Amino acid sequence: MKIALLNGPNLNLLGLREPGIYGSETLQDVENLLRRKIHDSGADLELVCYQSNSEGALIDFIQQSRNNGIEYIIFNPGAYTHTSIALHDAIAGVQAKVIEVHISNIHKREEYRRNSYISSVAVGQIVGFGIAGYVMALDYILNVGLGNGR
């Protein structure tokens, strides 16, 4: 089974950009953390990682998930969370299940960050737990998604 770690704009700067909000870990640290967790779990999972600052590239990745055999997408859409109806529509149009993740608690930040165009087409939303939110999403896939809880 394939799952994807998909990250949107500015997450390539993780560890450098506003560490007081987003922490000091890098995107590579997140990818390594998830790979270790998959390895330690013994699950037969392949992790596909992708990051783009371009909305169109993220949409293309989501749309291609069907052809690429991706069943779950752990997705931090960054600022596109609050602006992209196109990402919403892309997710609604594919079979892959999306878990929305945000490092900070978007509901405790600026008013414009409190709306998510992604949450209504996602399995769930994890916010405010730093990079541990990515691990929580993976735990869901390992403990529920691989079983009868789909």
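**Figure 1. A lysine charge over the ring of Tyr72.** In this predicted model, the charged end of Lys97 sits over the ring of Tyr72, at 5.3 Å from the ring centre. Tyr72 counts as buried, because its relative accessibility is 0% and the cut-off for buried is under 20%.

**Figure 2. Two aromatic pairs.** A pair of aromatic rings is described by two values, the distance of the centres and the angle of the planes. The model has 2 aromatic pairs. In one of them, the ring centres of Tyr50 and Phe61 are 5.1 Å apart and the planes meet at 5°, so this pair is stacked. Tyr50 belongs to strand E2 (residues 46-51) and Phe61 to helix H3 (residues 55-64), so the pair ties together parts that are 11 residues apart in sequence. Phe61 is buried, with a relative accessible area of 10%, whereas Tyr50 is partly exposed, at 31%. Tyr72 and Tyr140 also form an aromatic pair, with 6.4 Å from centre to centre and 70° between the planes, and this pair is edge-to-face. Tyr72 lies in strand E3 and Tyr140 in helix H5; the pair links distant parts of the chain, 68 residues apart. Tyr140 has a relative accessibility of 27% and therefore counts as partly exposed.

**Figure 3. Strand E3 and its partners.** Strand E3 covers residues 70-76. Of its 7 residues, 6 are buried, so E3 is largely enclosed by the rest of the structure. E3 pairs with E1 in the parallel sense, over 6 bridges. Asn76 in E3 stands opposite Asn7. E3 also pairs with E4 in the parallel sense, over 4 bridges. Here Phe75 has Glu100 in E4 as its bridge partner. Together with helix H4 (residues 85-92), E3 and E4 make a right-handed β-α-β unit.

**Figure 4. The largest nonpolar core.** This core has 24 residues. Ile3, Leu34, Ile74, Tyr134 and Leu138 have the most contacts inside the core. At least two core residues come from each of strand E1 (2-7), helix H2 (27-41), strand E3 (70-76), strand E4 (97-102) and helix H5 (132-145). H5 gives the most, with 6 residues. A second, separate core has 17 residues, among them Ile59, Ile91, Ala96 and Val98.

**Figure 5. The surroundings of Ile74.** Ile74 is one of the residues with the most contacts inside the largest nonpolar core. Neighbours within four places in sequence are left aside in this view. Ile74 is then in contact with Ala4, Leu5, Leu6, Leu34, Ile99, Val101, Tyr134, Ala137, Leu138 and Ile141.

**Figure 6. Arg17 in a loop.** Arg17 is found in the loop between E1 and helix H1 (19-22). With a relative accessible area of 25%, Arg17 is partly exposed. Not counting residues up to four places away in sequence, Arg17 touches Asn10 and Tyr22. Arg17 and Ile91 are 74 residues apart in sequence, and their C-alpha atoms are 27 Å apart in space. Ile91 is included in the second core of 17 residues.

How values were computed: Residues are numbered from 1 along each chain as its sequence is written. This is a predicted model: local features need pLDDT of at least 70, side-chain atom pairs count only at pLDDT 80 or more; totals for chains, interfaces and linings use all residues. Side-chain values use heavy atoms; hydrogens and water are left out. A nonpolar core is a set of buried Ala, Val, Leu, Ile, Met, Phe, Trp, Tyr and Cys residues joined through side-chain atoms within 4.5 Å. Buried means under 20% relative accessible area, exposed over 50%, partly exposed in between (1.4 Å probe, protein chains only). Contact means heavy atoms within 4.5 Å. Two strands pair if DSSP finds at least two bridges between them. A crossover is right-handed if, with the strands pointing away from the viewer, the path from the first strand over the helix to the second runs clockwise. Rings of Phe, Tyr and Trp (its six-membered ring) pair if their centres lie within 6.5 Å; planes under 30 degrees apart count as stacked, over 60 as edge-to-face and the rest as tilted. A charge sits over a ring if NZ of Lys or CZ of Arg is within 6 Å of the ring centre and within 35 degrees of the ring normal.
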